[in-house]
Amino acid sequence: MTDSPRSTRPFRRDGPTWFLYLVLAVFGFQQSVLGSTLPFLRAEFGYDPIQIGWHFTSYAGGLVASGLLGGWLLPRLGLGPLVRGAAVAMVLAVLSIAQARGFAGTLTAAIAMGLTGGVLQSAVQAGLAWHQAEHRDMAMVEAFIFAGAGVFSGPLLVGQLAAAGIPWRWTLLAAPLALALVLLLPAPAGRPAPVAASSKPSRGGVPLAVALCWGSVLLGIGAEWGIGFWGAQFLESRLGLGPAQAVSLMSVFFGGTVFGRIVSSRLLARFDGRSMLMAVILLGGGAILALWASALPSATIVALALAGMCLGNFFPLLISNAIRLEPDHVGLISVGATQAVGVSLLVVPIALGYIGQVAGLVNAIGMLVILPLLMAAACLAAGYRHALPHKA
C-alpha cells in the first residue's frame with residue numbers, strides 16, 4: 001500500500017518509542033481538559049457562550065504560536081530535553097486553569113495550554129519521525145491512537161470523579177501523576193534531520209491538490225473540535241444533563257475517535273484510502289445531522305459515537321490522500337496541514353459561540369454538517385484536478 005521500500009528490520013517499540021507514545025497520551029488528556037472544565041467554570045463565573053468560545057480561540061492562538069516557538073527551540077535543545085521540558089510546562093499550564101480566577105485568568109491559562117501543548121506535539125512528532133525513520137507511518141498511527149486514548153480519558157475522569165463528589169480541580173492532578181511515571185522512561189537522544197527541501201513550495205507555487213488538502217483539514221478539524229469543545233454544553237442543552245453527566249458522556253465521542261482510528265488502520269490494508277476518506281466524510285456528516293435531530297438519549301449516544309469514529313479519521317486520511325496525489329510535497333503538506341489545524345481551532349469555536357448566542361447552541365452544532373459537505377467537494381476537486389494531464 002506504500003511506494004516506499006519495505007524495511008528489512010522489524011518494528012521495535014523500544015523505551016524511547018513508548019516514552020513518546022505515553023507523553024502524547026498525556027497531551028491528549030490536556031487537549032480535552034478545556035472542554036471538560038469549562039462547564040464548571042461557566043457555572044462558577046457565569047460565562048456566556050461568547051466568553052466560552054474565546055477560551056477555545058485563545059487555546060488555538062497558543063497552538064498557532066507554538067509552531068514558531070517549537071521551531072526555534074528544537075535545534076537548540078534537542079529532542080529529549082525539549083519533550084521533557086515541554087511536557088512539564090504543559091502540565092503546569094493544565095494546573096493553572098484550576099487556580100485562575102475570572103475571565104482574564106482562565107483566558108491566560110487557555111493560551112498557555114495551547115502554547116505548551118503545541119510545542120510538545122511538534123517535538124513528539126519530530127522525535128517519532130527521527131527515532132523510527134524506517135517505520136515512521138506505523139509509529140505515527142500508533143502514537144495518535146495513544147493521543148486519542150488520552151483525550152477519551154479526560155472527560156471520563158473529570159466527569160465521573162466530579163459526579164462522585166470529588167472537586168473537579170483535584171481531578172486535574174491526574175496529569176502530573178501520569179507524567180511523573182512517563183518521565184521514568186528513556187527519551188530519544190539527538191536531533192532530527194533538517195526539514196527537507198521538498199517541504200518548500202516549488203517554483204510553480206503550491207499545487208492545487210495540496211491547497212485543497214489544507215482547506216479540507218481546516219474544515220475537518222473545525223467539525224471534529226467544534227463537537228469536541230462544545231459537545232458537553234450541547235448535551236446539557238439537548239438532553240437536560242448536569243455538567244458532570246454531560247462531560248462524562250463526551251467520553252463516548254472521544255472513545256469513538258480512538259476506536260475509529262484502530263478500525264481504519266486495519267481497513268486500509270484491504271480498501272483504497274480514497275474510498276475510505278469519502279465514506280467517513282459522508283457518514284460523519286450524517287452523524288452530525290442525527291446528533292442535531294435526535295432528542296432521545298440512546299439515539300444521541302449512538303450519533304455521538306459514530307461522529308467520533310468518522311470525524312477522528314478526517315485528519316490522517318486527508319494527509320494520506322494528499323500525499324498520494326502529491327508525493328513530492330510531503331513536507332509542504334505536513335506543515336500546511338498543521339497550520340490549518342491551528343487556524344481552524346482559532347476560528348470555528350468562537351464562530352460557534354456567536355451562532356449559538358443567536359440561533360441556540362443545538363442549532364449551531366447542527367450547522368457543522370455543512371463542513372463535511374464542503375470537504376467532500378474539495379476532495380473530489382483535488383482528485384479531478386490531479387487526474388488531468390499536467391503541463392510541462
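**Notebook: core, salt bridges and cysteines**

I began with the largest nonpolar core, which has 104 residues, and I noted that Leu-120 and Ile-227 are those with the most contacts inside it. By nonpolar core I mean a set of buried Ala, Val, Leu, Ile, Met, Phe, Trp, Tyr and Cys residues joined through side-chain atoms within 4.5 Å. Buried is under 20% relative accessible area, exposed is over 50%, and partly exposed lies in between (1.4 Å probe, protein chains only).

I keep in mind that this is a predicted model, in which local features need pLDDT of at least 70 and side-chain atom pairs count only at pLDDT 80 or more, while totals for chains, interfaces and linings use all residues. Residues are numbered from 1 along each chain as its sequence is written, and side-chain values use heavy atoms, with hydrogens and water left out.

**Around Ile-227**

I then looked up what Ile-227 is in contact with, leaving aside its neighbours within four places in sequence, and found Met-250, Phe-253, Ile-288, Leu-291, Leu-304, Ala-307, Leu-311 and Leu-368; contact means heavy atoms within 4.5 Å.

**Salt bridges**

I found 3 salt bridges in the structure, each being a side-chain nitrogen of Lys or Arg within 4 Å of a carboxyl oxygen of Asp or Glu.

In one of them Arg-42 pairs with Glu-236, with the closest N and O atoms 2.9 Å apart. This pair links distant parts of the chain, since Arg-42 is in helix α1 (residues 15–45) and Glu-236 is in helix α8 (residues 208–239), 194 residues apart; helices here are DSSP runs (H or I, at least four residues), numbered from the N terminus. I noted Arg-42 as partly exposed at 28% relative accessibility, whereas Glu-236 counts as buried at 14%.

Glu-44 and Arg-169 also meet through their side chains in a salt bridge, at 3.1 Å from N to O. Here Glu-44 belongs to helix α1 and Arg-169 to helix α6 (residues 168–171), and the two are 125 residues apart. Glu-44 is partly exposed, at 39% relative accessible area.

I also recorded Glu-224 with Arg-261, whose closest N and O atoms are 3.9 Å apart. Helix α8 holds Glu-224 and helix α9 (residues 243–267) holds Arg-261, 37 residues away. Glu-224 is buried at 6%, and Arg-261 counts as buried at 15%.

**Cysteines**

I looked for disulfides, meaning pairs of cysteine sulfur atoms within 2.5 Å, and the structure holds 0. For Cys-213, the closest cysteine sulfur is in Cys-379, 8.1 Å away, and therefore too far for a bond. Cys-213 is buried at 5%, and Cys-310 counts as buried at 4%.
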